[in-house]
Amino acid sequence: MLYGAIEAGGTKFVCAVGDESLNIQKRASFPTTQPEETMKQVMDFFNQYKKELVAIGVGSFGPIDVHVDSTTYGYITSTPKLAWQNFDFVGTLKQAFDIPIAWTTDVNAAGYGEYAFGKGKGLSSVIYYTVGTGIGGGAIQEDRFIEGFSHPEMGHMLVTPHPEDHFGGNCPFHENCLEGMAAGPAIEQRAGKKGQDIPAEDPIWDMEAYYIAQCAYNTTLMFSPDVIIFGGGVMKQKHMVQKVHQTFSRLLNNYVKTPELENYIVTPYLEDDAGIFGCLALARQTKLDKK
Ligand code: ADP
Ligand code: ZN
């Protein structure tokens, strides 16, 4: 018996199969091109395991339709990646594999990975953000994703600009939203070079920490979660989490007593594997739900 996992990202798809204990048996990665091409590679991968496969968990880039009652449930909806607009992801999988399929956002899946195996293990309320090419957020409460008319879009929360920041943000929808001010491409446009090439002493990181700290502040006051996890490429700056702690403390100004910051605002235990392990854990969960 095997569980399948698909981490569908804007640049690449990672596929894996895992055993009953969710140990990965095989993993493969394919570039995100056109749906026909990429999905063929995905199908070919899972076809090798068709007999053993009992469920698949998918964490997809989006926005996606997560509403079970909707006629477009399981679709990628209004993505800027035109070829993938209105693509029936779950329907396409279901045609080939008539097994339970869990369907959620890429960031929810990564959050679920940390909830099942990482810094959220044993906790009831876990918030996960990725700070990478974009910024996304997901919220888990007692094993369920928090959602209403749709999944959260926490990455587009508004932030107050840093007094010395003259960059207006690059989100086409909003002025001063977190993603437009603090995702990797915003750092790159502001500095004229990629985040990975900017030294730790550069004051740009104080600005970045100011935005991420505002995100942690808003998250704290909205959810009072057990943990806030920040993953994604930008958080590979090792000094960032400590800067965020300092600025967060200043902003919060002791208004509420949070858990110790070292255990409260953290980076993911699973690092880049949070998403794929989350998809596997979701596959197992959806199989249990269907029993
Ligand atoms: P994606 O969001 O596309 O899935 P990542 O989470 O790796 O992928 O995010 C990519 C972004 O993170 C890019 O803008 C890149 O410049 C930035 N980035 C990657 N590594 C680092 C690093 N070590 N320090 C700062 N920024 C980084
Ligand atoms: Zn925005």
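Helices (DSSP runs of H or I, at least four residues) and strands (runs of E, at least two) are numbered from the N terminus in this tour. The model is predicted, with local features needing pLDDT of at least 70 and side-chain atom pairs counting only at pLDDT 80 or more, while totals for chains, interfaces and linings use all residues. Residues are numbered from 1 along each chain as its sequence is written, chains are lettered from A and ligands numbered from 1 in the order in which they are written, and side-chain values use heavy atoms, with hydrogens and water left out.

Select Phe149 to begin, in the loop between E10 and H4. Is this residue, Phe149, buried or exposed? At 81% relative accessibility Phe149 counts as exposed, on a scale where buried means under 20% relative accessible area, exposed over 50% and partly exposed in between, with a 1.4 Å probe and protein chains only.

Contact here means heavy atoms within 4.5 Å; not counting residues up to four places away in sequence, Met154 touches Ile127, Tyr129, Gly137, Gly138 and Phe223. A C-alpha distance to Asn218, 64 residues away along the chain, comes to 10.0 Å.

**The largest nonpolar core**

Now colour the core, where a nonpolar core is a set of buried Ala, Val, Leu, Ile, Met, Phe, Trp, Tyr and Cys residues joined through side-chain atoms within 4.5 Å. Of the 35 residues in the largest one, Tyr129, Leu178, Tyr211, Phe230, Phe248 and Ile265 touch the most other members. At least two residues of this core come from each of strand E8 (125–131), strand E9 (135–141), helix H4 (178–182), helix H6 (204–223), strand E11 (227–231), helix H7 (240–252) and helix H8 (261–264). Which element supplies the largest share of this core? Helix H6 does, with ten residues.

Centre the view on Phe248, which, apart from residues up to four places away in sequence, touches Ala213, Ala216, Tyr217, Thr220, Thr258, Leu261, Tyr264 and Ile265. From there step to Thr220, a residue of helix H6 that is buried with a relative accessible area of 2%. Leaving aside neighbours within four places in sequence, Thr220 is in contact with Pro225, Ile228, Phe248, Val256, Thr258 and Tyr264. The C-alpha atoms of Thr220 and Tyr264 are separated by 9.9 Å, although the two residues are 44 apart along the chain.

Show the polar atoms of Thr220 as well: one in its side chain lies 2.7 Å from the backbone oxygen of Ala216, a polar contact being a pair of N or O atoms within 3.5 Å, where within protein one must be able to donate a hydrogen and the other to accept it, and residues adjacent in sequence count only if both atoms are side-chain atoms.

**Ligand 1**

Of the 13 residues around ligand 1, Gly132, Thr133, Gln196, Gly233 and Gln237 come nearest. The shell divides into three nonpolar, nine polar and one charged, where Ala, Val, Leu, Ile, Met, Phe, Trp, Tyr, Cys and Pro count as nonpolar, Asp, Glu, Lys and Arg as charged, and the others, Gly among them, as polar.

A polar side-chain atom of Thr133 lies 2.5 Å from an oxygen atom of ligand 1, a backbone N or O atom of Gly233 lies 2.8 Å from an oxygen atom of ligand 1, and a polar side-chain atom of Gln237 lies 2.8 Å from a nitrogen atom of ligand 1. Taken alone, ligand 1 exposes 560 Å², of which the protein buries 68%, with accessible areas coming from the Shrake-Rupley method with a 1.4 Å probe and, for residues, only the protein chains shown counting as cover.

In the loop between strand E4 (53–60) and strand E5 (75–76), find Pro63, which a cis peptide bond joins to Gly62, with omega of about 5 degrees. Leu22, in the loop between strand E2 (12–18) and strand E3 (24–31), has a positive phi near 65 degrees and is buried, with a relative accessible area of 2%. Asn86, in the loop between E5 and strand E6 (87–88), has a positive phi of about 55 degrees, but counts as exposed at 54% relative accessibility.

Finish at Thr286 in helix H9 (residues 274–290), a buried residue with a relative accessible area of 9%. Neighbours within four places in sequence aside, Thr286 is in contact with Ala55, Pro100, Ile101 and Ala102.

Technical notes: A residue is near a molecule or strand if one of its heavy atoms lies within 4 Å of it.
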